[in-house]
Amino acid sequence: MNPVLAFVVVMAVWTVSDFVAKKTQSLLSSLFVASIIFLVGFLTGIFPEDLLASASLLALGGVVVGFIIVHLGTLISVDDFKRQWKTLVVGIVTVVGIGVLLWIAGFIFGGGRQEGRYDGVAQALDFVIAGVGALSGGTISVLIIQEAALDVGLTAVAVFPVLIAALQGLIGFPLTSIILRKEAARLKGEYRAGNLATPVSEEVAAVAPSKLPAVLQTTPGVLMVVGAVVLVSILINNATDGILNTFVVALILGIVLRATGVFKTGILNGIDSFGLMMISILILVFAPLATVEVADVTALAFPLLIAFVFGVAGILLFAAITGKLLGYTVSMSIAIGLTSLYGFPGTMILSQEAAKGAGETPEEVAAIEGEILPKMIVAGFSTVTITSVVVTGIIASGIGR
């Protein structure tokens, strides 16, 4: 496809999605609307499969996602990160909840051997393992499951997590949007009652001194330095065989560099390329939709339905109970749990949309976002990146056994 035409089409889809989100006050999130448009476009053939790749944004997004995560780290203080231990607990328990409920769902698949029912499946537990890895994890978890399944010749199991990864945003985005709207409305009331402190404005925070020399505080200088931090994160990831994930390390380094004054708060704010970088990483969310085949969805429709129903039930039940015990509201707890269905950048976009939809002044929006965003960012890493990779790595060995 012509690269310029592809770029224009992608921008048109995002413009429409953003417009709908604003008109519905984020009841229909921009991510959900864009997902629907791209899914319908790819399934009907209106959009060619190479649309996102031709627009060049897909490759750019893969490069700069680490940059944005470092930037997010500079938005969270060390004290904020310490305060999120409850969020980490809720996220970890959520992944356990998904596993428990999908194990129960395994009995619905038949509870035993599956030869003849689905091609390339040995037992119901195969779907359970693949479902846990895909529902609670990101790309790394899906790859772990695929490799384990293909090693023992289970082709259907290898396809299953890919379909879940491609479709789960269609469930996670609207559910989270609705729930975060409720939490944002509650926080607006808390702010007006004087129970929420007015956050330091972005303009004030941005003037905090940075130890970077002036020559490195230009757009190319900032991108070079942040890129170096991402490279260090990648090296640590490779040195630990992925145990310390690139994005987890990038987030932590961002927090540390802000705390030590090397980076200013919101390191990428104000640079000329930030907006394009944000749009490019959003394209990563929609990339799996281009690979969805109607035949695959039809063949595995029942396992997919069961995985989503029981998986979401596990999220709602375990996240709500755990969060309530730790002093979080039910709505915030469930929103934290639902991050397992999409992770970053959805955690950031949905938080910002909920705050803008509820707040009526810049101060209200900032106060609401300041309460929601740190929890959602940490939640995304606790469910999608940290816990799921460890859990998936352990359970993947059970496929086909």
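Buried means under 20% relative accessible area, exposed over 50%, and partly exposed in between (1.4 Å probe, protein chains only). The views below come from a predicted model, in which local features need pLDDT of at least 70, side-chain atom pairs count only at pLDDT 80 or more, and totals for chains, interfaces and linings use all residues. Residues are numbered from 1 along each chain as its sequence is written, and side-chain values use heavy atoms, with hydrogens and water left out.

**View A. Asp18 and Lys22 pair up in helix α1.** Asp18 is partly exposed at 28% relative accessibility, whereas Lys22 is exposed at 62%. Their side chains form a salt bridge (a side-chain nitrogen of Lys or Arg within 4 Å of a carboxyl oxygen of Asp or Glu), at 3.3 Å from N to O. The two sit four residues apart in α1 (residues 3-23), about one helical turn; helices are DSSP runs of H or I with at least four residues, numbered from the N terminus.

**View B. Glu183 meets Arg186 in helix α10.** This salt bridge spans 2.8 Å, N to O. Glu183 is buried at 2%, while Arg186 is partly exposed at 34%.

**View C. Lys375 reaches Glu371 in helix α19.** Here the closest N and O atoms are 3.8 Å apart. Lys375 is buried, with a relative accessible area of 12%, and Glu371 is partly exposed at 31%.

**View D. Lys188, Arg192, Glu360 and Glu364 form a network of salt bridges.** By the rule used here, the salt bridges number six.
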